[in-house]
Amino acid sequence: MTTFRFKALKETLNRKPVAFKETTKHSEKFGMNVFSENSMRQYLTKEAYEGVMNAVKHGTKIDRKIADQVANSMKDWAMSKGVTHYTHWFQPLTGGTAEKHDAFFEPIGGGNAVEKFGGNELVQQEPDASSFPSGGIRNTFEARGYTAWDPTSPAFIYGTTLCIPTIFVAYTGEALDNKTPLLRALQAVDKYATAVAKYFDKNVTKVNASLGWEQEYFLIDKALVIARPDIV
């Protein structure tokens, strides 16, 4: 093992630097694949933009007409970046994430088809809930589950897929994921923290809870990684 590691170090030291030149500013690349507020301003009508922002900031419902506008604009934005598919992206009780993929494709007869993505597809999908744990709240044959769009988390692009953050619930309304309880907790914190804050400032209308993640990443040469099969 010692000799193997010395060989790995030698291979690492003999590597030649790869020339790389930045062609764009970091600020231009930051968030370029996220359907952010700036992207929404460019692609949504004023009515649709205000509808989404009111839902995000005040928890208001999004009208079906607005949902259709958002879906169509989201599709146009994604396709301008080479996207061909979309997925409802959710966090079931497996410790990982799950996705249900579909294409921006709909046959219209006569051997023709169009790229289509409407409010129905954006707002709700029905993945196979029997494939995911439920904590014993229902039998497998009662495993209908639904994903529902969460506008508080912006859609993003991964590869050639538009990922739409969603919650995952049973047909009876029970949470089948890790996100639904989080959103409910945030709603409760907002409600009661706002009530307390009003004792000090009557102008307070909403309290947002935030959590800062701290994570370190290390870039390690491939040869050194292979030399440590015990940690790979």
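Predicted model: local features only at pLDDT ≥ 70, side-chain atom pairs only at ≥ 80, totals over all residues.
Strand β8 spans residues 161–170. Burial extends along the entire element: 10 of the 10 residues of β8 are buried, so the strand is largely enclosed by the rest of the structure. This burial applies to both faces of β8.

Strand β1, comprising residues 85–90, runs parallel to β8 and is joined to it by five bridges. Within this pairing, histidine 85 stands opposite threonine 161. Strand β6, formed by residues 145–149, is likewise connected to β8 through five bridges, but in an antiparallel arrangement. Here tryptophan 149 has threonine 166 of β8 as its bridge partner. Strand β7, covering residues 156–158, also pairs with β8 in the antiparallel sense, over three bridges. In this case phenylalanine 156 is the bridge partner of cysteine 163 in β8. Strands β7 and β8 form a hairpin with two residues between them. Glycine 159, located in the turn, adopts a positive phi of about 70 degrees.

Threonine 161 belongs to β8. Its relative accessible area is 11%, which is under 20%, and the residue is therefore classed as buried. Residues up to four places away in sequence being excluded, threonine 161 touches Val83, His85, Tyr86, Thr87, His101 and Phe156.

Terms used
Residues numbered from 1 in each chain as written. Heavy atoms only, no water. Helix = DSSP H or I, 4+ residues; strand = E, 2+ residues; numbered from the N terminus. Buried < 20%, exposed > 50% of the residue type's maximum accessible area, 1.4 Å probe, protein only. Contact = heavy atoms within 4.5 Å. Pairing = 2+ DSSP bridges.
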